[in-house]
Amino acid sequence: LLEICSLHGRELRHLDIRCNGISDDGITNLMQSPFVNALTSLYLSENRIADRSVEAMSRVLAGCRLRSLDIARNRISDDGLVTLFRSAWFGSLHGLRIEGNALGHNGLRVLASTPNNLRSLGIGTFEFGRFDRVRANPETLIDPNSIRHLLRSSSMQGLEKLVIQGSEAYSQFDLEELVAEFGASVSIAFC
């Protein structure tokens, strides 16, 4: 991958390496390539990356043009997501997918208080069941009140689309209430 990227690095704007089993070592190596700062979108969902990858991205991508980041369904802890939200370049993102990682109350609080330009955000918690079917883990679901707090925060004023994964674990009342309160300003999708 690095060899291919080194040949086309100056022209490379979008890198999609989803579902490849890439680990922290792979992302750390990728971040050493000179082309990464030219990327405008980076898709890393459904790999095996964890906090170490986020730390490497936070350091290296400081001068980047990244606008879209997909790190959904990896092994990133709440602390790792906080590191991401506090990155110097986080404010330049327009699209972010982090569902399927361990976003907790601290991460939500930091996200709600961090200035950003997000227009699209994907959150939620997953567990992989038999035959790779995805189901929500009710013990780690994001509380609907935390979602309300996030949507009410001044940092989310530009948000146009919110996708909440694992919504089958929420009550119908919670879902209808979120749409009633925020549906006029934010498109809310439940999966």
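**Helix packing, sheet order and burial**

Tutor: Asp51, Val54, Glu55 and Ser58 of helix 3 meet Gly80, Thr83 and Leu84 of helix 4. The model is predicted, with local features needing pLDDT of at least 70 and side-chain atom pairs pLDDT 80 or more, while totals for chains, interfaces and linings use all residues. Residues are numbered from 1 along each chain as its sequence is written, and side-chain values use heavy atoms, leaving out hydrogens and water.

Student: What makes the meeting of helix 3 with helix 4 a contact?

Tutor: The term requires heavy atoms within 4.5 Å, and the residues named above meet on that basis. The helices themselves are DSSP runs (H or I, at least four residues), and strands are E runs of at least two, both numbered from the N terminus.

Student: Why is helix 3 called roughly parallel to helix 4?

Tutor: The axes of helix 3 (residues 51–60) and helix 4 (residues 78–85) cross at roughly 10° and come within 9 Å. Axes are lines fitted to C-alpha atoms, for helices over the stretch in contact, and angles between N-to-C directions run from 0 to 180 degrees. Under 35 degrees counts as roughly parallel, over 145 as roughly antiparallel, 65 to 115 as roughly perpendicular and the rest as oblique. Helix 3 is therefore roughly parallel to helix 4. By class, this contact has two nonpolar, three polar and two charged residues. Nonpolar means Ala, Val, Leu, Ile, Met, Phe, Trp, Tyr, Cys or Pro; charged means Asp, Glu, Lys or Arg; the others, Gly among them, are polar.

Student: How do you know that helix 4 is roughly parallel to helix 5?

Tutor: Helix 4 and helix 5 pack at about 10°, with axes 8 Å apart, so helix 4 falls in the roughly parallel class with helix 5. Asp78, Val82 and Phe85 of helix 4 and Asn106, Gly107, Val110 and Leu111 of helix 5 make the contact. Its residues are four nonpolar, two polar and one charged.

Student: Why is Ser153 called buried?

Tutor: Buried means under 20% relative accessible area, exposed over 50%, and partly exposed in between (1.4 Å probe, protein chains only). Ser153 has 9%, so it is buried. Ser153 sits in the loop between helix 6 (144–152) and strand 8 (161–165).

Student: Which backbone oxygen does the side chain of Ser153 reach?

Tutor: That of Leu150, at 2.7 Å. A polar contact is a pair of N or O atoms within 3.5 Å; within protein, one must be able to donate a hydrogen and the other to accept it, and residues adjacent in sequence count only if both atoms are side-chain atoms.

Student: What makes strand 3 and strand 4 a pair?

Tutor: DSSP must find at least two bridges between two strands. Strand 3 (residues 68–70) and strand 4 (residues 95–97) have three, in the parallel sense. One partner of a bridge there is Leu69, with Leu96 in strand 4. Strand 4 and strand 5 also run parallel, joined by three bridges, and Arg97 stands opposite Gly122 in strand 5.

Student: What makes strand 1 and strand 9 edge strands?

Tutor: The open sheet has seven strands in the order 1-2-3-4-5-8-9, with parallel pairing. Strand 1 (14–16) and strand 9 (187–190) each pair on one side only. The twist averages 10° from one strand to the next.

Student: What makes strand 5 mostly covered?

Tutor: Four of its five residues are buried.
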